[in-house]
Amino acid sequence: MYKIGVIGEKDAVLGFISLGFSVFPVENREQAEKILAELAESNYAVIYITEQTAEKITEKINQYRERRFPAVIPIPGIQGSLGIGMQGVKKCVEKAVGADIIFNE
Amino acid sequence: MARLNVNPTRMVLTGLKKRLQMARRGHKLLKDKRDELMKKFLEIVRENKVLREEVEEKLKVVHSRFVMARAVMSSEIVEEALMFPKVEVSLKTYTRNIMSVDVPVLEFTTETGTEGDIYPYGFANTTAELDDAISTLSELTPKLLKLAEIEKSAQLLADEIEKTRRRVNALEYVLIPNLEETIKYIVMKLEENERSNLTRLMKVKDMMLEQAHGYGRSK
């Protein structure tokens, strides 16, 4: 059985507790890296991470891009979207197609 | 283009011709694979974009409601209210095969103690803003998981497309031209050998005739 994790600032992630997700509030970069690595090695299929936190540990997140699990998905934090999630989709298109054909429409 | 370093013999020529045929077949297959992957990828990534926009929009609403809730209540009460979830999510994962790329499929079931009761707290100490936030968020759960599934699929497909494209290009622009050139080189070399052999024979014949009968075509 797989679990769903949420990493981010306390204010942004608290609500997810009520959904039954496992929530890990973090305050700084080291904590975030550590928790991400721990979750990735244990039974988490999906890890949501707020963009404010994701921004600091992009490299760590990219490690998991090519693996089937976990799926590390950036979500907007309490201060709104930084566009990192969209950026990820855009990069994906550029990698596959060679040029961005989805976002120029 | 670089010619392969081989001996210009008939046997090598046969071998190379077979390799060329194989390379052409592989190239065609990989090209088809790439095109189909691309088609699937574009479908998925379009969906991904729409879904992400929607989820981000909804999460913004949720966050603003949470901010409201936190403004009205003290943060201790909010934390306490949320501390013990009533809902339990169990997640099952399957894999789906898109053109030999295994992409995840997530299936989740939520279990609550009582039907439709998602609020992990009594209503005495909390405000309606918190209820709003929680209910919006719980409506969003399927979308969040769908997003995870689709975004991962898109990433995996993008990787596979990149790999396939490299292979197609390597075959199309390196291996096949090299083979073609080498084959051409061997064919020409063999023809040249043939010609030089022929002239040598003619020459020898003339020399023998000259010796035996004292006449020949050439002086």
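Helices (H or I, at least four residues) and strands (E, at least two) are DSSP runs, numbered from the N terminus. This is a predicted model, in which local features need pLDDT of at least 70 and side-chain atom pairs count only at pLDDT 80 or more, while totals for chains, interfaces and linings use all residues. Residues are numbered from 1 along each chain as its sequence is written, and chains are lettered from A and ligands numbered from 1 in the order in which they are written.

**Stop 1: chain B**

Select chain B and colour by secondary structure. There are 3 helices and 2 strands, and along the sequence they follow the pattern α-α-β-β-α. The radius of gyration of chain B (taken over C-alpha atoms) is 37 Å, well over the 17 Å that the globule rule gives for 219 residues, so chain B is more spread out than a compact globule. That rule is 2.2 Å times the number of residues to the power 0.38. Along the principal axes, the C-alpha atoms of chain B fill a box of roughly 130 × 30 × 25 Å.

A residue is buried if 20 or more other C-beta atoms lie within 10 Å of its own, exposed if 12 or fewer, and partly exposed in between, with C-beta atoms placed from the backbone. By this count, 23% of the 219 residues of chain B are buried. Two residues are in contact if their C-beta atoms, placed from the backbone, lie within 7 Å. Of the contacts in chain B with a separation of 6 or more, 79% are between residues 24 or more positions apart.

**Stop 2: the loop between the strands of chain B**

Now select M99(B) and S100(B). M99(B) lies in the loop between β1 (88-98) and β2 (101-111) of chain B, and S100(B) is found in the loop between β1 and β2 of chain B. Most residues other than glycine have a negative phi. Phi of M99(B), however, is near 50°, a positive value, and phi of S100(B) is near 65°, also a positive value. S100(B) is exposed, with 8 other C-beta atoms within 10 Å.

Move on to T109(B), in strand β2 of chain B. T109(B) counts as exposed, with 9 C-beta neighbours inside 10 Å.

**Stop 3: chain A**

Switch to chain A, which has 5 helices and 4 strands in the pattern β-α-β-α-β-α-α-β-α. Buried residues make up 46% of the 105 residues in chain A. Among contacts in chain A between residues at least 6 apart in sequence, 60% join residues at least 24 apart.

Select the strands of chain A. Two strands pair if DSSP finds at least two bridges between them. The 4 strands form an open sheet in the order β2-β1-β3-β4, with parallel pairing. At the edges are β2 (22-25) and β4 of chain A, each pairing on one side only. Between β3(A) and β4(A), which run parallel, there are 5 bridges. Within β4(A), V72(A) is the bridge partner of I47(A).

**Stop 4: where the chains meet**

Show both chains. 34 residues of chain A are in contact with 49 residues of chain B. On the chain A side, the elements that give two or more residues are β1 (3-8), β3 (44-50), β4 (71-75) and α5 (84-97). α5(A) gives the most to this side, with 7 residues.

**Stop 5: the core**

A nonpolar core is a set of buried Ala, Val, Leu, Ile, Met, Phe, Trp, Tyr and Cys residues joined through C-beta atoms within 7 Å. The largest has 64 residues, and those with the most contacts inside it are V46(A), I47(A), F41(B), A154(B) and L157(B). Helix α3 (residues 128-213) of chain B gives the most to this core, with 14 residues.

Which residues is L157(B) in contact with, leaving aside its neighbours within four places in sequence? They are A96(A), L37(B), K40(B), F41(B), I44(B), I98(B) and V101(B).
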